[in-house]
Amino acid sequence: MEKRPHALLLKFPGTNCDAETSRALEEAGFSSEILPIACVDEKSLGSAQLIVLSGGFSYGDYVMAGRLAQLEIERRVGDALMKFRDGGGYLLGICNGFQILTKLGLLPEGSLINNTSGRFICRWVRLERRVDDNPFLSGLPDNFELPIAHAEGRFVAPDGAADKYMDEGLAALVYSEDVNGSTNRIAGLTDRSGRVLGLMPHPERFLWDSHHYDQDWRGDSDGKGSGYQMFKSIHNTISGEMAHEPG
Amino acid sequence: MEKISAEVIGKFESEGDANKLVYAPLSVPAKYRRTRIYMLEYEGDLGSAKDFVKRSLVDDYADDVFFTGEPAVEDFSFYIDYGMKPGALDLEKEAILSSHKGTEGFSIVALELVQRIYIFSDPSITSDRFVRDVCNPAIHVWSVTDSNGRKVA
């Protein structure tokens, strides 16, 4: 029997996109498990090839989005997520998960702060893929659409850093237009290994044609949306690696 | 027992239109700026307490923090401080206290969280409208301080 890659979704009080993200992962071929943070230890992380921090409002976004989740992860498992990545694992942070990964130092330096409008933004956006070989994005076209829903999505970084991220291929995704004041329109970041991706848009909300706001929109011949392609990309990468593992 | 007050202000945020704070348009232009204040009573080392504030409550890239007790902003008309009533369930405070477990060097005796709104306008604007539309008497306590540092409400 073919072994499916396993994805572990860490759930905090206030995480609310875990169920649909789990469904999206399974649709793409993963087996998945939602694990409350209270049950997470270093051993539990070892069962997965992909760890996902899904969207929502962990700890009510108290203090600032992602901060209390960061502290709780550090308190429970220390730098185990870094070790997981260094050991060959993949990490995906969506929206609040992106904010948490940034705070944990798993992505290039910077922070996601209040949108310049001071308002929560819920809409579809057009995105530009700026890297060719990222395992999460390789199956996507250069331009595609996804929905966003956030109040704290404006990426800021130390002086000059955002330009460097653009030049060095760490700014994996940018918005086609300025939607929230993000520096260089950055919508998603990857780390230098390419094994960690954080993005503000919600790929789990665009799996099929019918999710698109335009009911006449047609994606590929299977009727899949851009979000599905993202999950399928990382699934194919991990499946390929597993096929070459001994035993 | 020692006390520190930390006022945290977003580096990248600027004054916004104060109409965002109220339900009906204001008659004259006014701007506002939000900050948050953590008042910490603790036992132990001051440096450790400050480290806790910086590590847990301040964003390295996006925030500035002031421990002086003086307003972090100048040239305001007045400011409103509001927070949860004593005894009300304050989940944010509980989450912060929970995150402190295991931190060495000091212990927290009490923590008070205050949201501060600075208003910038001409004297014809009073605090009443803002207090009515921002504060909820069922759960909040509040005070208003004028530009001379006098508590006026």
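Biologist: What makes up the contact between chain A and chain B in this predicted model?

Modeller: Chain A gives 18 residues and chain B gives 16 residues. Two residues are in contact if their C-beta atoms lie within 7 Å. On chain A, the elements that each supply at least two residues of the touching side are α3 (67–77) and β5 (111–113). Four residues come from α3(A), and that is the largest share of this side.

Biologist: How do the residues of the side of chain A that touches chain B divide into nonpolar, polar and charged?

Modeller: There are 10 nonpolar, five polar and three charged residues on that side.

Biologist: Why is chain B called as compact as a globular protein of its length?

Modeller: The globule rule gives 15 Å for 153 residues, and the radius of gyration of chain B is 16 Å. The two values are close, so chain B counts as compact for that length. Its C-alpha atoms fill a box of roughly 50 × 30 × 25 Å along the principal axes.

Biologist: What does chain B contain in helices and strands?

Modeller: Chain B has three helices and seven strands. Read from the N terminus, the order is β-β-β-α-β-β-α-β-α-β. Of the contacts in chain B with a separation of 6 or more, 76% are between residues 24 or more positions apart.

Biologist: How do you know that the radius of gyration of chain A agrees with a compact globule?

Modeller: A compact globule of 247 residues would have a radius near 18 Å, and chain A has 17 Å, so the value agrees. The box filled by the C-alpha atoms of chain A is roughly 50 × 45 × 35 Å. Chain A holds seven helices and 11 strands. Of its contacts between residues at least 6 apart in sequence, 72% join residues at least 24 apart.

Biologist: How many of the residues count as buried in chain A, and how many in chain B?

Modeller: The cut-off is 20 or more other C-beta atoms within 10 Å. By that count, 52% of the 247 residues of chain A are buried. For the 153 residues of chain B the figure is 24%.

Biologist: Which residues have the most contacts inside the largest nonpolar core?

Modeller: That core has 89 residues, and the ones with the most contacts inside it are A7(A), L50(A), I51(A), L81(A), L91(A), L92(A) and L101(A). Leaving aside neighbours within four places in sequence, L81(A) is in contact with I51(A), I73(A), L91(A), L104(A) and L106(A). Another core, of 12 residues, lies apart from the largest one and includes A18(B), Y32(B), F78(B) and I117(B).

Biologist: Why are β2 and β7 of chain A said to stand at the edges of the sheet?

Modeller: The open sheet has nine strands in the order β2-β1-β3-β4-β11-β10-β9-β6-β7 (chain A), with mixed pairing. β2 (31–36) and β7 (143–150) each have a single partner strand, so one side of each has no neighbour in the sheet. Neighbouring strands are turned by 20° against each other on average, direction ignored.

Biologist: What makes β9 and β10 of chain A a pair?

Modeller: Pairing needs at least two bridges. β9 (residues 173–175) and β10 (residues 186–190) of chain A are joined by two bridges and run antiparallel. V174(A) is opposite I186(A) in β10(A).

Biologist: Which strands of the sheet does helix α5 of chain A touch?

Modeller: Helix α5 (residues 96–103) touches β3 (50–53), β4 (90–94) and β11 (196–199) of chain A, and its direction makes about 125° with that of β4(A). Helix α7 (residues 226–243) of chain A lies across β3, β4 and β7, at about 105° to β7(A).

Biologist: Where does F78(B) find its bridge partners?

Modeller: F78(B) stands opposite I119(B) in β6(B), and its bridge partner in β7(B) is D146(B). β5 (residues 78–84) of chain B pairs with β6 (residues 106–120) in the antiparallel sense over five bridges. With β7(B), β5(B) forms seven bridges, also antiparallel.

Biologist: Why is D146(B) called partly exposed?

Modeller: A residue is buried at 20 or more neighbours and exposed at 12 or fewer. D146(B) has 15 C-beta neighbours inside 10 Å, so it counts as partly exposed. D146(B) lies in strand β7 (residues 140–146) of chain B. Not counting residues up to four places away in sequence, D146(B) touches F78(B) and V152(B). From D146(B) to S127(B) there are 19 residues in sequence and 9.5 Å in space, C-alpha to C-alpha.

Note on methods: Residues are numbered from 1 along each chain as its sequence is written. Chains are lettered from A and ligands numbered from 1 in the order in which they are written. This is a predicted model: local features need pLDDT of at least 70, side-chain atom pairs count only at pLDDT 80 or more; totals for chains, interfaces and linings use all residues. Ala, Val, Leu, Ile, Met, Phe, Trp, Tyr, Cys and Pro count as nonpolar, Asp, Glu, Lys and Arg as charged, and the others, Gly among them, as polar. The radius of gyration is taken over C-alpha atoms; the globule rule is 2.2 Å times the number of residues to the power 0.38. A nonpolar core is a set of buried Ala, Val, Leu, Ile, Met, Phe, Trp, Tyr and Cys residues joined through C-beta atoms within 7 Å. Axes are lines fitted to C-alpha atoms, for helices over the stretch in contact, and angles run from 0 to 180 degrees between N-to-C directions.
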